[in-house]
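Please read the following report alongside the sequence and the structure, which are shown here.

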Amino acid sequence: MAYNGGPNGSTFTPISTYAGLSADLRRQLAETKIEPAAEEPAPPPPVRQAEATSARSPKNKRAQADR
């Protein structure tokens, strides 16, 4: 579907009849397969202990001011 939005509202138009796309792009979009989303989101990557402690350490914070 192609989204059409404007002052009179918004609609979705089938790709096959949407005039704003070339025939080749319509074909590519029609052939695109959408994979269903996972039921549960992936867990965040683990943070190594060294990264976690160094990010919070006040010793590693620096600032420089121009004169």
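In β2, G9 is the bridge partner of G6. Strands β1 and β2 (residues 9-13) pair in the antiparallel sense over five bridges, where pairing requires that DSSP finds at least two bridges between two strands. With two residues between them, β1 and β2 form a hairpin. Strands (E, at least two residues) and helices (H or I, at least four) are DSSP runs, numbered from the N terminus.

This is a predicted model, in which local features need pLDDT of at least 70 and side-chain atom pairs count only at pLDDT 80 or more, while totals for chains, interfaces and linings use all residues. Residues are numbered from 1 along each chain as its sequence is written, and side-chain values use heavy atoms, with hydrogens and water left out.

A search of the whole structure finds two salt bridges, each defined as a side-chain nitrogen of Lys or Arg within 4 Å of a carboxyl oxygen of Asp or Glu.

| Salt bridge | N to O distance |
|---|---|
| D24 and R27 | 2.6 Å |
| R27 and E31 | 3.3 Å |

D24 is partly exposed at 42% relative accessibility, R27 is partly exposed at 40%, and E31 is partly exposed at 48%; buried means under 20% relative accessible area, exposed over 50%, and partly exposed in between (1.4 Å probe, protein chains only).
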